[in-house]
Amino acid sequence: MEKEEIYEMVIREMTELAIHKRDVENPDENKLKKHIQELSIQVQKNLNGLPENVKKIVIDYMESSALAADHDCQYLYVQGAKDCIELLKRLGILQRT
C-alpha cells in the first residue's frame, strides 16, 4: 500500500468517526438522514416508471453528486487541518519551519 493510499484511508476513517460522533450528539442530523432515506424510497419508486435511458441518467447524476460531495468533504477535512496549523503558527503556538 502506498503512502497516499494510507493517508486517504486515515482521512476517510477520521471523517467517518467525526460524522458518527456528530450524528450521536445532534439528533437533527438523524432527522435529515431519515428524510433523505424517505426521499430515496420515493425516487426509486418513481424511477421505475421512467424509460431506461432517463433512469440511467438520473441514477448517474445522483451517484456522481454524492461522490462529488464525498470528495468535497475529504478535501475540506484536510484543508481544515492545514488551516488550523497555519493559525497555530500565526498565533505563535507552533513554530514556523
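1. Helices α1 and α3 are roughly perpendicular to each other. Their axes cross at roughly 95° and come within 10 Å; angles of 65 to 115 degrees count as roughly perpendicular, therefore the crossing falls under that term. Helix α3 covers residues 52-90. The model is a predicted one, and the points below should be read with that in mind.

2. The contact between these two helices draws on E8, I11, R12, M14, T15 and I19 from α1, and on D70, C73, Q74, Y77 and V78 from α3. Sorted by class, the residues of this contact are 6 nonpolar, 2 polar and 3 charged.

3. Q74 lies in helix α3. Its relative accessible area is 14%, and buried means under 20%, so Q74 counts as buried. Leaving aside residues up to four places away in sequence, Q74 touches E8, I11 and R12.

4. On the α1 side the contact is made by I19, R22, D23 and E25, and on the α2 side by P27, E29, N30 and K33. The class division here is 2 nonpolar, 1 polar and 5 charged.

5. As to the overall make-up, the protein has 3 helices and 0 strands, and its elements run α-α-α from the N terminus on. The radius of gyration is 19 Å, well over the 13 Å that the globule rule gives for 97 residues, so the protein is more spread out than a compact globule. The C-alpha trace spans about 60 × 35 × 25 Å along the principal axes.

6. Burial and surface can be stated briefly. Of the 97 residues in the protein, 6% are buried, and Q74 is one of the buried residues. The accessible surface amounts to about 8,500 Å², and carbon and sulfur atoms account for 60% of this surface.

7. On sequence separation, take the contacts between residues at least 6 apart in sequence: 32% of them join residues at least 24 apart.

Terms used:
Residues are numbered from 1 along each chain as its sequence is written. This is a predicted model: local features need pLDDT of at least 70, side-chain atom pairs count only at pLDDT 80 or more; totals for chains, interfaces and linings use all residues. Side-chain values use heavy atoms; hydrogens and water are left out. Contact means heavy atoms within 4.5 Å. Helices (H or I, at least four residues) and strands (E, at least two) are DSSP runs, numbered from the N terminus. Ala, Val, Leu, Ile, Met, Phe, Trp, Tyr, Cys and Pro count as nonpolar, Asp, Glu, Lys and Arg as charged, and the others, Gly among them, as polar. Axes are lines fitted to C-alpha atoms, for helices over the stretch in contact, and angles run from 0 to 180 degrees between N-to-C directions. Angles under 35 degrees count as roughly parallel, over 145 as roughly antiparallel, 65 to 115 as roughly perpendicular and the rest as oblique. The radius of gyration is taken over C-alpha atoms; the globule rule is 2.2 Å times the number of residues to the power 0.38. Buried means under 20% relative accessible area, exposed over 50%, partly exposed in between (1.4 Å probe, protein chains only). Accessible areas come from the Shrake-Rupley method with a 1.4 Å probe; for residues, only the protein chains shown count as cover.
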